[in-house]
Amino acid sequence: MVPARPSVPRRTSTARGDRTPAGTRVATRSSSSCDGIASRDATGRWSVAKTMKAAVVRELGKPLTIEQIPIPTPGYGEVLVKIVATGVCHTDLHAAQGDWPIKPTPPLVPGHEGAGVVAAIGPGVTDLKVGDPVGIAWLHDACGKCEYCITGWETLCEKQRNSGYGVNGTFAEYAIGSAAYVARFPRNVDFAKMAPILCAGVTTYKGIKETEARPGEWLAVSGIGGLGHVAVQYARAMGLHVAALDVSEEKLALARKLGAQIAVDARRADATTEVAKFTGGGAHGVLVTAVSAPAFAQALELARRKGTVSLVGLPPGDFAMPIFDVVLKRITVRGSIVGTRKDMAESIAFASEGKVAPHIHHARLEDINDVFASLEAGKVDGRIVVDLA
Ligand SMILES: [Zn+2]
Ligand SMILES: [Zn+2]
């Protein structure tokens, strides 16, 4: 918890501006730097921090640098969140490398699985107070007015802003959240365990819902990494039977341990026939979390007649779809991106009840480039969480 005063600390007359001591400009959410964050030191004395540690992308494709940058000030409708733990997602790696068609603009603080407590509130915020446990996720905010926003599909809003991409994210001691969009956690939350729910959790949970598989039916989960191992747990908690596919024996073993009834090496030539045999005709829903294009083509073969394939992994490239099979078997192929605030609340509820617990490894912010290297090499089983407090 953050020992912060429940009011915005007083202004000081020191020089303001969003420049580091070295004089280099960094991305901040507002044009002014922060008023400072009051906290007690070990001797009980109050002090006001004006800067925070952050991992910054200075140039796309280059290692992140650990810097002291100004603590941002929450604007209207915003809160400043003291980040306790933040998960590291493949998307952060794509952001830092500029892999996607719409590239972020450096300097940028990545990160969108930030769990922490409200440290200060901006004007107009009435339903959050200092000390409330909250999470900053990919959907930083949305317009609230378009056809998607007004029908509960804010994740499709064309004016949405994304944490750690369009706005600074959570690889920092503090981050700005939009009060209407931050995730609400219950009291006594385990921040490190809850951080991965903010992206890995809600993304897989929503992806499973999008397959429309019903309790008692089969879900095939392709890829048992940071998303997939959470997907297996959600699926079991939702009353589904699980067939797991991966190319790593350790990951298949993890899937079995988490309740998958069958776990198959995806490279085997008979992988899909094996799943079809075990499930009596294929999976009702298929969730593809793998960051590998061949897994997308294989997913169609895993689906039962009338099945739905839900795609949440984001490898670059295309995959071919066998028209004959898709038409005759009435297969639905559906993309799914993170989850709405309602999906988020539901996915947090499962985790709060202990039904879903991401397998986590702890790291320090200073290790961020090594963490990215492990992610890129596919060496991470579960999720890496950076501890910031
Ligand atoms: Zn993510
Ligand atoms: Zn909108």
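In which sense do strand β13 and β14 pair, and over how many bridges? The pairing is parallel, and four bridges join the two strands. Strand β13 covers residues 241-246. This is a predicted model.

## The parallel sheet

Strand β13 and β14 belong to an open sheet of six strands. Read across the sheet, the order is β14-β13-β12-β15-β16-β17. The pairing in this sheet is parallel. Two strands sit at the edges: β14 (262-265) and β17 (332-335). Each of these edge strands pairs on one side only. Neighbouring strands are turned by 20° against each other on average, direction ignored.

Strands of a sheet pair through backbone hydrogen bonds, and the pairing can be parallel or antiparallel. For one bridge in this sheet, look at A243: its bridge partner in β14 is I262.

## Helices against the sheet

Helix α5 spans residues 249-257. This helix lies across β13 and β14. Its direction is at about 170° to β13.

Helix α6 covers residues 271-279, and its buried residues are T272, V275 and T279. Seen down the axis of α6, these buried residues fall within an arc of 60°, so they line one face of the helix. An α-helix has 3.6 residues a turn, so residues three or four places apart point the same way.

## A covered helix

Helix α3 runs over residues 200-211 and has 12 residues. At 1.5 Å a residue, α3 should span 16 Å. Its end C-alpha atoms are 17 Å apart, which agrees.

Is α3 mostly covered or mostly open? It is mostly covered, with 11 of its 12 residues buried. Among them are A200, G201, V202, Y205 and I208. K206 and E210 of α3 are buried too. After α3 comes E212, whose phi is positive, near 60°.

## Where two helices cross

Two packed helices are described by the angle between their axes and the distance between the axes. Take α3 and helix α9, which covers residues 341-352. Their axes come within 9 Å and cross at roughly 105°. Angles of 65 to 115 degrees count as roughly perpendicular, so α3 is roughly perpendicular to α9.

Which residues make the contact? From α3 come G201, V202, Y205 and K206. From α9 come D343, M344, E346, S347 and A351.

## Backbone details

The peptide bond from P106 to P107 is cis, with omega near 0°. P107 lies in the loop between α1 (90-97) and β6 (114-121).

K306 is not a glycine, yet its phi is positive, at about 70°. Its place is in strand β16, which covers residues 303-311. Is K306 buried or exposed? A residue with 12 or fewer C-beta neighbours is exposed. K306 has 12 inside 10 Å, so it counts as exposed.

R330 is not a glycine either, and its phi is positive, at about 50°. This residue is in the loop between α8 (323-328) and β17. With 11 other C-beta atoms within 10 Å, R330 is exposed.

Notes:
Residues numbered from 1 in each chain as written. Chains lettered and ligands numbered in written order. Predicted model: local features only at pLDDT ≥ 70, side-chain atom pairs only at ≥ 80, totals over all residues. Pairing = 2+ DSSP bridges. Axes fitted to C-alpha atoms, helices over the stretch in contact; angles between N-to-C directions. Contact = placed C-beta atoms within 7 Å. Expected span 1.5 Å × (residues − 1). Buried ≥ 20, exposed ≤ 12 C-beta atoms within 10 Å, placed from the backbone. Arc of directions from axis to C-beta. Parallel < 35°, antiparallel > 145°, perpendicular 65-115°, else oblique.
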